[in-house]
Amino acid sequence: MKIIYAIVSSDDGNRVTDVLTEHQFSVTRLATTGGFLKKGNATLMIGTDENRVDEAIDLIHETCGKRQRITCDMPAPGIGAMSTGYMMMPVTVELGGATIFVTDVERFEKF
């Protein structure tokens with residue numbers, strides 16, 4: 001038995017959960033925050049048999065495509081950016097994708 005932790009964009013969270021559920025995976029979704037943009041993520045916990053791990057990862061990979069977004073770089077607090085003529089410059093960042101961890105389950109009970 002394995003547990004897969006998949007950290008995906010909150011924008012992808014519902015879609016990935018639906019796809020995994022359609023393929024009979026049990027999924028628990030947690031709302032989490034982190035990353036460069038401090039934007040919401042979805043951390044999915046997927047318990048599965050060892051022989052279905054690759055199938056789950058493939059489904060996540062197919063559903064969470066990477067994409068780019070343009071955002072403006074914000075000045076650091078306390079610099080007085082607006083009074084010093086600081087211009088906000090657009091920055092392209094990559095969104096989407098997934099970070100996945102797979103671990104062994106020592107004990108599993110369902111009742």
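What share of the chain's contacts with a separation of 6 or more comes from residues 24 or more positions apart? The answer is 69%, where a contact means heavy atoms within 4.5 Å. The model is a predicted one, in which local features need pLDDT of at least 70 and side-chain atom pairs count only at pLDDT 80 or more, while totals for chains, interfaces and linings use all residues. Residues are numbered from 1 along each chain as its sequence is written, and side-chain values use heavy atoms, with hydrogens and water left out.

**View 1. The whole chain, from end to end.**
Let's start with the overall layout. The chain has 2 helices and 6 strands, and along the sequence they come in the pattern β-α-β-β-α-β-β-β. Helices here are DSSP runs of H or I with at least four residues, strands are runs of E with at least two, and both are numbered from the N terminus. Of the 111 residues, 26% are buried; that label means under 20% relative accessible area, exposed means over 50%, and partly exposed is in between (1.4 Å probe, protein chains only). The chain exposes about 7800 Å², with carbon and sulfur atoms supplying 53% of that area. Accessible areas come from the Shrake-Rupley method with a 1.4 Å probe, and for residues only the protein chains shown count as cover.

**View 2**
Look for 4 strands forming an open sheet, in the order β2-β3-β1-β6, with antiparallel pairing. The edge strands, each pairing on one side only, are β2 (26-34) and β6 (98-104). On average, neighbouring strands of this sheet are turned by 20° against each other, direction ignored. Helix α1 (residues 10-22) packs on the sheet and touches β1, β2 and β3 (39-48). The direction of α1 makes about 20° with that of β3. For these angles, axes are lines fitted to C-alpha atoms (for helices, over the stretch in contact), and the values run from 0 to 180 degrees between N-to-C directions.

**View 2. Strand partners, bridge by bridge.**
How do strands hold on to each other? Strands of a sheet pair through backbone hydrogen bonds, either parallel or antiparallel. In this model, two strands count as paired if DSSP finds at least two bridges between them. Strand β1 (residues 2-9) runs antiparallel to β6, and 7 bridges join the two. Along that pairing, K2 stands opposite D104 in β6, and I4 has V102 as its bridge partner. Toward β3, β1 pairs in the antiparallel sense over 8 bridges. There I4 stands opposite I46, while A6 has L44 as its bridge partner. Moving on to β2, you'll find 9 bridges between β2 and β3, again in the antiparallel sense. G34 faces K39 of β3 in this pairing.

**View 3. Tyr5 on strand β1.**
How many of the 8 residues of β1 are buried? The count is 6, so the strand is mostly covered. Y5 sits in this strand but is partly exposed, with a relative accessible area of 30%. Leaving aside neighbours within four places in sequence, Y5 is in contact with L44, M45, T99, I100, F101 and T103.

Q24 lies in the loop between α1 and β2. Its phi is near 65°, a positive value in a residue other than glycine. Is Q24 buried or exposed? It is exposed, with a relative accessible area of 62%.

**View 4. Glu55 on helix α2.**
E55 lies in helix α2 (residues 53-63) and is partly exposed, with a relative accessible area of 33%. Not counting residues up to four places away in sequence, E55 touches H23 and F25. E55 and F25 are 30 residues apart in sequence and 10.0 Å apart in space, C-alpha to C-alpha.
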